[in-house]
Amino acid sequence: MSTGVESHQNGSSMMKPQSTFSPISLRYVAALRGVKPRPAGVAFTYAEAACRDPEKLICLAASNPEGRFYGLVASEPLRRDAETLATDRGIFNAVFLTGSPSETLARIGNGSALPPMLDFLCCDESAAALPAGEREALFDLAQKRLNPGGLFTTSYRAYDSDDGALHFLIRELAPEMNEDQKQEFLLEIRRLAGPYLDAHPAVAQSLKNAIVKGVAEDFFVDYVNDDAPSGTFNTMVAMSKRGFAYGGDASVTANYVELSVPVDAQDLVVSCRQHILYEPIKDVALSRTVRNDIWVKNPADISTDAAELFGGFAYGILMPRGEIPASFKAIGKKIDLSSPLYTKLIDLMSLIPIGIGDFLGHASGTGEQASKIIEAIQILVACGIATPMRGLREEASAPWSSVAQPRLVGSFNRYLDKTDLSGTEIWFASQVTGYGLSVPTRDALVMQALNRAGLNNSVSALMPELRRLAKTADALSIMEADEPTAEIAQALVRDVVGKSLPQWYAYALLEAA
């Protein structure tokens, strides 16, 4: 007999991280460039300019109780709504202020202490760009309000079209070249702009004709006469003159040429590392129009000691162990993850986040070198399999292995107990990861039932929610039946608990009552 959940039982219940703008993620990326990270658990301040999703900032605050978070929203009604939401969720380390970057600067100039000196300032403009004047004010705000070593993160559209980076590069470089250099440049463009040329065969043919004819101007003519602004270059100039150094891409994988740049362009990109236009050159190679920059306020505490840079993080794997591949296919290469060291790390990190010291102290780490462990973990993070985490939480009131009466951890998560869950995913705060985790709604419904009634009575607690969702669009992601039955609810609990319960405890979403 069909239970109505059979088609879901082979699917993934994988939790997903909330944001690349979490303090832990930003510290890790900056550490790749030698910026010594502050240890987890030490107080910090964090502000988000042009905050458009207060709930996500509140979730981030709940996941980092040592932090003080400030959201700059557009109007007083939005501020009141955000403050009410934070109060309802029981989160009191998130404060909301009104004002654009320029209004915030004016308020500070008039003596306001809010926001205070900051360790993090973030702004996501990828969907809606700030006006030019406000973007300059944002840079000024970073300069005035970030502490030395503070991280400014900006997500923005660097080019208005998919050929914008190529247009800028030709506009900047071609006029300074002689004929031989222009011919060589054409060949470099063919290597560098592979993805763009593949998507635009007419442009690729024009480039080929210019190379064959030996007349570079036939190709450059469409690019050298028009203005071609680069948000990348403009941001580099603006931040450099304000005393900032580039700290990397908030997306970890993008910091590795061998994992992000097409193989035909890798050597060329690497050879340009000292070029002033290196980042726009990478934009061309990646066909990148949106960037996620991290900038470091100088002076920063710099280190070359890998243990100092990476030893303070915990590392975990959100992916179910059975879904982790034995090898990772990067661009033009294959990374083998089946060696004993990788296997032992993956086995442990799939169960619970661990630090480098934890692994060395575990039986699995006997005889392993710390340098090799750090190298392996960095590769797992670069491949998107493992993620750096906060790794701290208050001790549970009882051993996590006791599951008779689980309860949701923290006021942010417990608020879900009185919420009608819907949609495809639900956000949970996690002090272990240091950022929010999205959980499939079917899993969240089971978690809610466990919190309300315990494991033994979870089916009875789940049934009213399944009836509420029956015959709605959301029901398709939970069960395939017109009407829920006790059998369907029982199968759902068994399936979800069997797959996910250990991770819920490991990431402090649930604890024993």
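**Ground rules.** I worked from a predicted model in which local features need pLDDT of at least 70 and side-chain atom pairs count only at pLDDT 80 or more, while totals for chains, interfaces and linings use all residues. Residues are numbered from 1 along each chain as its sequence is written, and side-chain values use heavy atoms, with hydrogens and water left out. I took helices (H or I, at least four residues) and strands (E, at least two) as DSSP runs, numbered from the N terminus.

**Entry: helix H1.** H1 is mostly covered, with 9 of its 10 residues buried. Among them are Ile24, Leu26, Arg27 and Tyr28. Just after H1, I noted Gly34 with a positive phi of about 90°.

**Entry: strand E2.** I found 6 of the 6 residues of strand E2 (residues 44-49) buried. In a regular strand the side chains alternate between the two faces of the sheet. In E2, Phe44, Tyr46 and Glu48 point one way, Thr45, Ala47 and Ala49 the other way, and all are buried. I counted two strands as paired if DSSP finds at least two bridges between them. E2 pairs with strand E3 (residues 67-73) in the parallel sense over 5 bridges. Ala47 has Tyr70 of E3 as its bridge partner.

**Entry: H4 against H5.** Two packed helices are described by the angle between their axes and the distance between the axes. Axes are lines fitted to C-alpha atoms, for helices over the stretch in contact, and angles run from 0 to 180 degrees between N-to-C directions. I read an angle of about 40° between helix H4 (residues 101-109) and H5, with their axes 8 Å apart. That makes H4 oblique to H5, since angles under 35 degrees count as roughly parallel, over 145 as roughly antiparallel, 65 to 115 as roughly perpendicular and the rest as oblique. The crossing of H4 and H5 is left-handed (the near helix is turned anticlockwise from the far one by less than a right angle; clockwise is right-handed). The contact (heavy atoms within 4.5 Å) includes Leu105 and Ile108 of H4 and Leu138 and Leu141 of H5. I sorted the contact residues of H4 with H5 into 6 nonpolar, 2 polar and 4 charged (Ala, Val, Leu, Ile, Met, Phe, Trp, Tyr, Cys and Pro are nonpolar, Asp, Glu, Lys and Arg charged, and the others, Gly among them, polar).

**Entry: H5 against H11.** Helix H5 (residues 132-145) also packs with helix H11 (residues 231-240), at an angle of about 40° and with axes 10 Å apart. H5 passes H11 in a right-handed crossing. Arg135, Glu136 and Phe139 of H5 meet Thr235, Ala238 and Met239 of H11. These residues divide into 3 nonpolar, 1 polar and 2 charged.

**Entry: sheet E1-E16-E15.** I found an open sheet of 3 strands in this order, with antiparallel pairing. Strands E1 (16-17) and E15 (425-428) are at the edges and pair on one side only. E1 pairs with strand E16 (residues 437-440) over 2 bridges, and Pro17 stands opposite Leu437. Helix H20 (residues 441-453) packs on this sheet, touching E15 and E16, and its direction makes about 90° with that of E16.

Terms used: Buried means under 20% relative accessible area, exposed over 50%, partly exposed in between (1.4 Å probe, protein chains only).
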